[in-house]
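Me: I'd like to learn how to read a structure, one feature at a time. Can we go through this one together?

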Amino acid sequence: MKKLLITFLLISLSSCGYSPIYSTKDTKFKINEIETTGNEKINKLFVKKISKLKNNSSNIIYDLEISSSKIVKSISKDERGKTKILEMLISFNIKIKRNDRIIKSKNISKNSTYNNNSNKFQLNQYEKDIQNKMIEKIVEELLFTVKTL
């Protein structure tokens, strides 16, 4: 009986037609050039996530100027002075251009707090995961902004 129920649930949920709200499909604009300054690693991740819009065949073409920064700071320390809680702040100053004119300027910042880990490899992996999620949120917010222009 359990196998039948699980099979039924898998079949019904797998064909639900889920698609993200801010997907890059069916966009009515194209990102042509992206000029970046600031944190190189953050910029590479951002460009990689938004590069799907570079191959679009739309007539509405935008260029982006991006300045990024990433700050990781200690929020709380224990009685021995070791960091217990960290905060990561990622900021983007984005200028959206069309025909070499700035039509919109937007500052987007995301932050996250997390516990320190004595295993630095695991901490590094966790920070990369947080960073990727924050950049995805920033890209979604940028897409929403550009779609409303």
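Me: Which residues gather in a patch of positive charge on the surface?

Reply: A word on the source before we start: this is a predicted model, where local features need pLDDT of at least 70, side-chain atom pairs count only at pLDDT 80 or more, and totals for chains, interfaces and linings use all residues. Residues are numbered from 1 along each chain as its sequence is written, and side-chain values use heavy atoms, with hydrogens and water left out. As for patches, they are made of residues with over 30% relative accessible area and no salt bridge, like charges being joined within 9 Å and nonpolar side chains (Val, Leu, Ile, Met, Phe, Trp, Tyr) within 5 Å. Lys and Arg count as positive, Asp and Glu as negative, while His and the chain ends are not counted. Here the surface patch of positive charge brings together Lys-41, Lys-44, Lys-70 and Lys-128.

Me: Where is Lys-44 placed, and is Lys-44 buried or exposed?

Reply: Burial goes by relative accessible area: buried is under 20%, exposed is over 50%, and partly exposed is in between (1.4 Å probe, protein chains only). Lys-44 sits in helix α2, which covers residues 40-50, and at 61% relative accessible area Lys-44 is exposed.

Me: How many helices and strands are there in the protein chain?

Reply: Helices (H or I, at least four residues) and strands (E, at least two) are DSSP runs, numbered from the N terminus. This protein chain has 3 helices and 4 strands, and from the N terminus on they run α-β-α-β-β-β-α. Of its 149 residues, 28% are buried.

Me: Now the inside. Which residues have the most contacts inside the largest nonpolar core?

Reply: A nonpolar core is a set of buried Ala, Val, Leu, Ile, Met, Phe, Trp, Tyr and Cys residues joined through side-chain atoms within 4.5 Å. The largest one here has 27 residues, and those with the most contacts inside it are Phe-46, Leu-64, Ile-90, Phe-92, Ile-94 and Leu-142. Two or more residues of this core come from each of β1 (30-38), α2, β2 (61-77), β3 (83-98), β4 (101-115) and α3 (120-147). The element that gives the most to the core is α3, with 9 residues.

Me: On to salt bridges. How many does the structure hold?

Reply: You look for a side-chain nitrogen of Lys or Arg within 4 Å of a carboxyl oxygen of Asp or Glu. The structure holds 7 salt bridges.

Me: With which residue does Glu-87 form a salt bridge?

Reply: With Lys-73, the closest N and O atoms being 3.8 Å apart. Glu-87 belongs to strand β3 and Lys-73 to strand β2, so this pair ties together parts that are 14 residues apart in sequence.

Me: Which residues do salt bridges that share partners join into one network?

Reply: Start with Lys-106 and Glu-141, a salt bridge whose closest N and O atoms are 3.8 Å apart. Lys-106 is in strand β4 and Glu-141 in helix α3, so the pair ties together parts that are 35 residues apart in sequence. Glu-141 also forms a salt bridge with Lys-110, and there the closest N and O atoms are 3.1 Å apart. Since Lys-110 lies in strand β4 and Glu-141 in helix α3, parts that are 31 residues apart in sequence are tied together by this pair. Through shared partners, Lys-106, Lys-110 and Glu-141 form one network.

Me: What about backbone angles? Where are Asn-99 and Asp-100 found?

Reply: Most residues other than glycine have a negative phi. Asn-99 isn't a glycine, yet it has a positive phi of about 55 degrees. Asp-100 isn't a glycine either, and its phi is positive at about 60 degrees. Asn-99 is in the loop between β3 and β4, and Asp-100 lies in the loop between β3 and β4 as well. Asn-99 is exposed, with a relative accessible area of 69%, and Asp-100 is exposed at 66%.

Conventions. Areas by Shrake-Rupley, 256 points an atom, 1.4 Å probe, with all protein chains shown as cover. Charge placed at Lys NZ, Arg CZ, Asp CG, Glu CD.
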